[in-house]
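Open the structure in your viewer and keep the selection panel at hand. The stops below are meant to be taken in order.

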Amino acid sequence: MSISTHKLRFLLSGFFTGLTLLASTQIHAEYFGLPNGRSADLSSMPDKSVEAGFVTGDLADVSYQGFGIRFNALVSPDSMFYLDINQTEIEDADGTILGIGFFYQLEGLLQNTDTAIKGAYHNGKVKQDGFRDLKGNTISVEALFSGKKMGESNLRWYGNVGIHKFDFDNYDETEIGFGGGVFMPTSFGEFFAGADMIDELTFGAGVRYFLQ
């Protein structure tokens, strides 16, 4: 369910920073993370890669921007772990969010479609001048799907659906989210772009560089 402005102001004792953080995380893909922007076929990925990108959105006239860097490591042909760091800006509040996650590929689940499951945890805080630090953490569990080339182009599609749990100052909320986008192989890695709906809509894009 969505969180009302009345409840937010009551729970956060009128702190504008808390209101904007909660509003923005309701709409964010993976809560503080980058769009998935990848194939569910992990065997096609190199042993290590690094990506950078941004996410932007708006909810109830509250602007949000997030910039992140993510390091990926393939630990087996069907398993990949990642670490990320994200700089979050919500109106005039900002902070740093750290995250950890994994992908695990599922074989033979859907014909002509690659499938993986994903889990992620993010933790951090934002601060507005003159207000106390406001801390939060999120847990996301998603299914990731991807297909082959789109027509004659090099573009490929992906989609995701999952559950996102948000815990902020002893208040927790759970939302169902879904999204998707495209990614395109290059000589050095991949470009990606996508949109996610978790109560409201966000857009993101980035580039992935293959280290090996």
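The model is predicted: local features need pLDDT of at least 70, side-chain atom pairs count only at pLDDT 80 or more, and totals for chains, interfaces and linings use all residues. Residues are numbered from 1 along each chain as its sequence is written, and side-chain values use heavy atoms, with hydrogens and water left out.

Select Thr-115 in strand E5 (residues 113-126). Strands (E, at least two residues) are DSSP runs, numbered from the N terminus. Thr-115 has 1% relative accessibility and therefore counts as buried (under 20% relative accessible area; exposed is over 50%, partly exposed in between; 1.4 Å probe, protein chains only). Now show its contacts (heavy atoms within 4.5 Å). Leaving aside residues up to four places away in sequence, Thr-115 touches Ala-40, Gln-105, Leu-106, Leu-109, Leu-110, Leu-144 and Phe-145.

Next, the aromatic rings. The whole structure holds 4 aromatic pairs (ring centres of Phe, Tyr and Trp, its six-membered ring, within 6.5 Å; planes under 30 degrees apart are stacked, over 60 edge-to-face, the rest tilted). Select Phe-81 and Phe-102: their ring centres are 6.2 Å apart and their planes at 40°, so the pair is tilted. This pair links distant parts of the chain, with Phe-81 in strand E3 (residues 79-90) and Phe-102 in strand E4 (residues 93-110), 21 residues apart. Phe-81 counts as partly exposed at 45% relative accessibility, and Phe-102 counts as partly exposed at 33%.

Move on to Phe-188, Phe-191 and Tyr-209, which form one aromatic cluster.

Finally, select Arg-70 and Tyr-82. The charged end of Arg-70 sits over the Tyr-82 ring, 4.1 Å from its centre (NZ of Lys or CZ of Arg within 6 Å of the ring centre and within 35 degrees of the ring normal).

Definitions and conventions: Helices (H or I, at least four residues) and strands (E, at least two) are DSSP runs, numbered from the N terminus.
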